[in-house]
Amino acid sequence: MPDLDFSVVSAGAVTFAAAPLLSFKLGVRNENSAERIQSIALRCQIQIETTKRRYTTAEQAKLFELFGEPERWGRTLTSMLWTHTSTTVPPFEGETVVDLPVPCTFDFNVAATKYFAGLEDGVVPLNFMFSGTTFFDGPTGLLVEQISWDKEARFSLPVRVWHEMMNHYYPNTAWLCLRRDVFEQLRRYKMDNAIPTWEQVFDNIVPVAAKPKEEELTIEGSLPS
């Protein structure tokens with residue numbers, strides 16, 4: 001019976017993908033090196049182990065939306081799910097290395113995006129938890145075995161790898177997802193006031209919104225209700 005161990009060797013951004021994509025080099029080793037593994041339908045859940053790194057004052061401020069005041073982090077700072085992914089391991093004996101693709105998003109409604117974007121340097125401690133199905137040669141032919149739920153691997157992802165990937169796919173830009181009705185209000189405001197770019201729309205609105213609430217706010221034109 002296969003006794004598999006997993007290790008994450010390295011990570012890097014895939015340069016020419018349709019959307020931001022990280023690729024982790026995954027080492028797979030079978031304790032019985034003479035046993036022929038025909039394939040593995042591998043699934044993986046990746047957790048961010050937020051408690052296993054230190055945070056600068058600037059990072060704590062950026063992560064306020066996720067974890068609140070630093071004084072509360074003893075209760076609020078817990079491991080968080082990043083993503084699920086999968087891959088197919090081709091035939092091998094002994095050990096092999098495969099690519100484990102991890103699609104990424106720059107949507108700031110996603111907690112993992114807020115977390116990565118809030119970090120300035122260092123590493124992100126990750127825990128890879130594996131499951132899936134192993135197909136291997138047995139004495140009577142092809143056999144099937146489920147991967148044990150306790151199979152895990154840890155890896156420290158450099159923060160710069162995530163930032164460099166997003167800078168490659170979205171140079172000097174950020175991606176924001178809005179409710180459709182909110183977008184329509186902004187679009188109408190943009191057209192009614194003949195504003196050429198979306199950046200200028202927010203330049204017009206954000207400084208006003210940042211003023212104290214008790215002040216009477218006026219802007220050229222108005223947002224439709």
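Is Glu 184 buried, partly exposed or exposed? I looked it up: Glu 184 is partly exposed, at 28% relative accessible area. My cut-offs are under 20% for buried, over 50% for exposed and partly exposed in between, with a 1.4 Å probe and protein chains only.

Notes on the source. I am reading a predicted model, where local features need pLDDT of at least 70, side-chain atom pairs count only at pLDDT 80 or more, and totals for chains, interfaces and linings use all residues. I number residues from 1 along each chain as its sequence is written, and side-chain values use heavy atoms, without hydrogens and water.

Entry on helix α6. I found a salt bridge between Glu 184 and Arg 187, at 2.6 Å from N to O. The term needs a side-chain nitrogen of Lys or Arg within 4 Å of a carboxyl oxygen of Asp or Glu. The two residues sit 3 apart in α6 (residues 180-192), so about one helical turn separates them. Helices here are DSSP runs of H or I, at least four residues, and strands are E runs of at least two, numbered from the N terminus. Arg 187 is partly exposed, at 31%.

I then noted a network: shared partners join Asp 3, Asp 5, Arg 29, Glu 31 and Lys 151 through salt bridges.

Entry on Lys 151. I checked its pairing with Asp 3 and read 3.1 Å between the closest N and O atoms. Lys 151 lies in the loop between β8 (141-146) and β9 (152-158), and Asp 3 in the segment before β1 (4-13), 148 residues away. Lys 151 counts as buried at 16%; Asp 3 is partly exposed at 36%.
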